[in-house]
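Please look over the sequence and the 3D structure below. A short report follows, with a heading for each topic.

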Amino acid sequence: MAMSSSAETAAARRRGRSGWLLSTPALVLLLLGAAGPLLVVLAFSLLSKGEYGGVALPVSGQAWFEIFFQRDIFDGTISPAKAHLAIFWRSVWLSLATTLITFVLGLPTAWFIATRPERQRALWLFLITIPFWTNLLIRTFAIMEVIRNEGLLNTTLIAMGAIDQPLQILFTDWATLIGMAYVYLPLMVLPLYAAIDRFDMRLLEAGYDLYASRWRLLRRVILPIVRPGIVAGCILVFIPSLGAYVTPRVLGGGTNMMVGNFIELQFGQARNWPLGASLSMALLIIVMVALLVYVRASAREGRDG
Amino acid sequence: MAEPRPFSVTRLPGFTAIAITAFVALYLPIITIVVFSFNALSSMSQWGGFSLHWYREAWANDTVQEATIRSLLIATVAALVSTVVATLAALGTTRQGRFRGRTAIYALINQPLMVPEIVTAVSLLIVFGAIRQATGYQGLGYLMLAHSAFCVPFAYLPIRARLEGMDRTLELAAADLYATPLQAFRRITLPLLMPGIAAGAMLAFVISLDDVVITEFVKSAGQDTLATYMLGQFRRTLTPEVNAISTALLALTLVLLTGFFLITRKRA
Amino acid sequence: MRTLLLTAGLAALATGAAAQDRQLQLYNWGDYTSPELIQKFEQETGIDVTITDYDSNDTALAKVQAGGHGFDLVVPSANYVPIWVEQGLIQKLDQSRLPNFKNIAPEWVDVDWDPGRRFTIPWQWGTTGVAVNTSVYSGDINTSNIFLDPPEELRGKINVVPEMNDIVSLAIMNVGGEPCTEDLDILRQVRDKLMNAKPFWLSMDYDSEAKLSANDIMAAATWNGPSMRARLNNPPVAYGYPKEGYPLWMDSVALLSDAQHVDEAYEFLNFIMAPENAALISNYARYANGIAGSEEFMDPEMRDAPEIVIPEESKAAGVFLPTCPSSAVELYSRIWTELQS
């Protein structure tokens, strides 16, 4: 008996050690190629800007100050940095709107797939997955071809006589919004489907007897039960939207920047590396907060269920 | 009133219509791209008859060829490296019971899924720029390292899922029969784990092939991949050559995905 | 299949390595390098040329400054050349290795920004003005108000190139100042003018040609080259020389200090100073170059193109952009940052 228990603790120790040992190559790779460099960005955000790019001493909080405030070029007065806040605001509202659109489209789609006969479901699911794994650029390019002035949408509308001048969508916020909704829709559908799939349809019958109206059924029975899927889908769409770079760059035309593009600008044309670094950290903080809210929400979900 | 199925309660007003709209909206743009890749004209909106002209054009384009080889090379290395380290990590985190620091390992492995790509991209731009200057090494190693790193979670997840669903009886039986742990791993665990590993490798390959943002920031002179080449093309007068490249890439992704589905389905 | 891919990849790497000793990395503005020129150069010399694009002087400067870029040649504008020299980013040229140096037109040899051409050789020169699709707007196009105070028809359909010096200089001259001014009153007007105009701009991107050709935009503050290229695709596009004043500029090729293919770079520099090759550059990008005798090799439509041959009445308004003192540049870049964000 004594022998076996000491063998057990030895085994536990061995497990811990070999757990770390086996994970080491992955951890080293990630530290070198992903996590470690983030610390350098943090350090850069606390330095001063070099004259022609790069960073210079002294250590300074200027870059963080610049995110929120600006000193007027002419009279030196300090005011909130409206331009930066506008970019953050655009990123947030576009991301929220993207989340909302993908939800409105995604819930019925997921529902539709989940209520197909067993054998068909895999196929429908596959159809959702294909665009998801298709190169982001290809999808952005595809949507650009649809919304441009002489693209599919405008030529169809003109041919139908609905409009006589092409709608200017490309290079506006609307283009970015349509593009992001298009690109991220599968990210919403997949977790929603997973949640609905677990849902016992017999509950609907009971609910139908109780509530009669399908809308109330949706609100009172379905939505609460698929809530974990909703939360997961929203977070999966919201976070990449917030950090989007390719879609606003290709569809936004350089004037309707989101945070991702503004960060790039600091490392390129604007040559203000510390500001770029502090903006990156600010974006990271917002994302972490969103994730934290998600973890909280799903933990509460776990307790309730 | 003809109700097609007994559980009509699952039909919610308008849901089917919205779902069909969503599918059409998802596929129409992609189909347009594919169709116009076969256009005889150089227009992206006027149809001038079927032709393989733009495929020949893309194929004859040196830059496209080089970018394709580079993309495939980087994706192969990234898939191999990330799958190997992810397999080890999956064995380390699922087979060893709970141990101190496991959550930290999870967090680090999943880090590329949580941090916005643009933030990783600028951090690598800074760090690799400094390393380049210090060492003088300019090769593809930087891109391979970056790709291998962000592919890890994608390789890790299917492997871990497979491991968790695996029956341990066979391994225990092997141990009872005095197989060494290494023998048991090679003869029993690895073959059982293979579908998960293959699925992970395919996902990693597709993810690497897909990447634009990190590659755009990390690449140095003459290191365009197919994706960054296309990003550059968007600033020019576009020709269906871009459609042809897109369609080819789409076909490759489709083949890999079908493989992925067949593999994971066998498991079920 | 994996091994197959891998061997293919390794083979590619190996051939890549073999080609490495005869290659050249050119870092140039987007839509600026003639593929025909590159093809001819590659055929004659066996050197493999790779071109990477940038969209503004500041982007190029930032990228090279960051280090580890791997480029050999870069093409900065005249007013940026002194910065590149001062920062030690480009190296002095050994003119004895450039027999074609004698072909540089005399007026482009002893230039202010690089006296005696010790660091750079000419690539192309041109003007910054406005391109307008005249099927939409038929008013006077020889004014920078096209993008600074746009007429009704063009609002929301304008692209502005993201090149700080060109755009700020156009705005300074629009309110009656001179390039490089540090007069705060004038600069305040400049900022207000630009900020008020920005809501009427659709995009800020360098690809005016593609956008004008596809009718994605109806006007642009841009260079003469894209304007002419767009006209060849889309005839109603016309180029205007702002009467308030417009910039003249020249972009020149420079050899980077940490270039790894110096011999190949010299071969290229010499190659592009041969008149028939310089003409290829112009035929593609649709700008004039600084090589004497190249005109006779140019396409006939270049010789009297209104985008290239500045009309008599517009000549006086052109100002060759000088290199501004860094105090002025600092003010401009702050205005520019406000404008871009």
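How many helices and strands does chain A have?

## Helices and strands of chain A

The model described here is a predicted one. In it, chain A has 13 helices and four strands.

## Overall dimensions of chain A

Chain A has a radius of gyration of 25 Å, while a compact globule of 305 residues would have one near 19 Å. Along the principal axes, the C-alpha atoms of chain A fill a box of roughly 85 × 70 × 35 Å.

## Burial, contacts and surface of chain A

Chain A has 305 residues, and 55% of these count as buried. Contacts can also be sorted by how far apart the two residues lie along the chain. Among the contacts in chain A with a separation of 6 or more, 63% are between residues 24 or more positions apart.

What is the accessible surface of chain A, and what share of this surface belongs to carbon and sulfur atoms? The surface comes to about 13700 Å², and carbon and sulfur atoms account for 67% of it.

## Charged side chains of chain A

Chain A carries 25 positive side chains and 17 negative ones. The centres of these two sets lie 9 Å apart.

Most residues other than glycine have a negative phi. Against that background, two residues of chain C can be described together.

C:Asp31 is not a glycine, yet its phi is positive, at about 60°. C:Asp31 sits in the loop that runs between β1 (23-29) and α2 (35-45) of chain C. Is C:Asp31 buried or exposed? C:Asp31 counts as buried, because its relative accessibility is 9% and the cut-off for buried is under 20%.

C:Arg286 is likewise not a glycine and has a positive phi, of about 70°. Where in chain C is C:Arg286 found? C:Arg286 is in the loop between α11 (275-285) and α12 (300-303). With a relative accessible area of 9%, C:Arg286 is buried.

## C:Asp207 in chain C

C:Asp207 is another loop residue of chain C, placed between β6 (201-203) and α8 (208-213). Why does C:Asp207 count as buried? C:Asp207 is buried because its relative accessible area is 5%, and buried means under 20%.

Along the chain, C:Asp207 and C:Asn270 are 63 residues apart.

Methods. Residues are numbered from 1 along each chain as its sequence is written. Chains are lettered from A and ligands numbered from 1 in the order in which they are written. This is a predicted model: local features need pLDDT of at least 70, side-chain atom pairs count only at pLDDT 80 or more; totals for chains, interfaces and linings use all residues. Side-chain values use heavy atoms; hydrogens and water are left out. The radius of gyration is taken over C-alpha atoms; the globule rule is 2.2 Å times the number of residues to the power 0.38. Buried means under 20% relative accessible area, exposed over 50%, partly exposed in between (1.4 Å probe, protein chains only). Contact means heavy atoms within 4.5 Å. Accessible areas come from the Shrake-Rupley method with a 1.4 Å probe; for residues, only the protein chains shown count as cover. Lys and Arg count as positive and Asp and Glu as negative; His and the chain ends are not counted. The place of a charge is taken as NZ of Lys, CZ of Arg, CG of Asp or CD of Glu.
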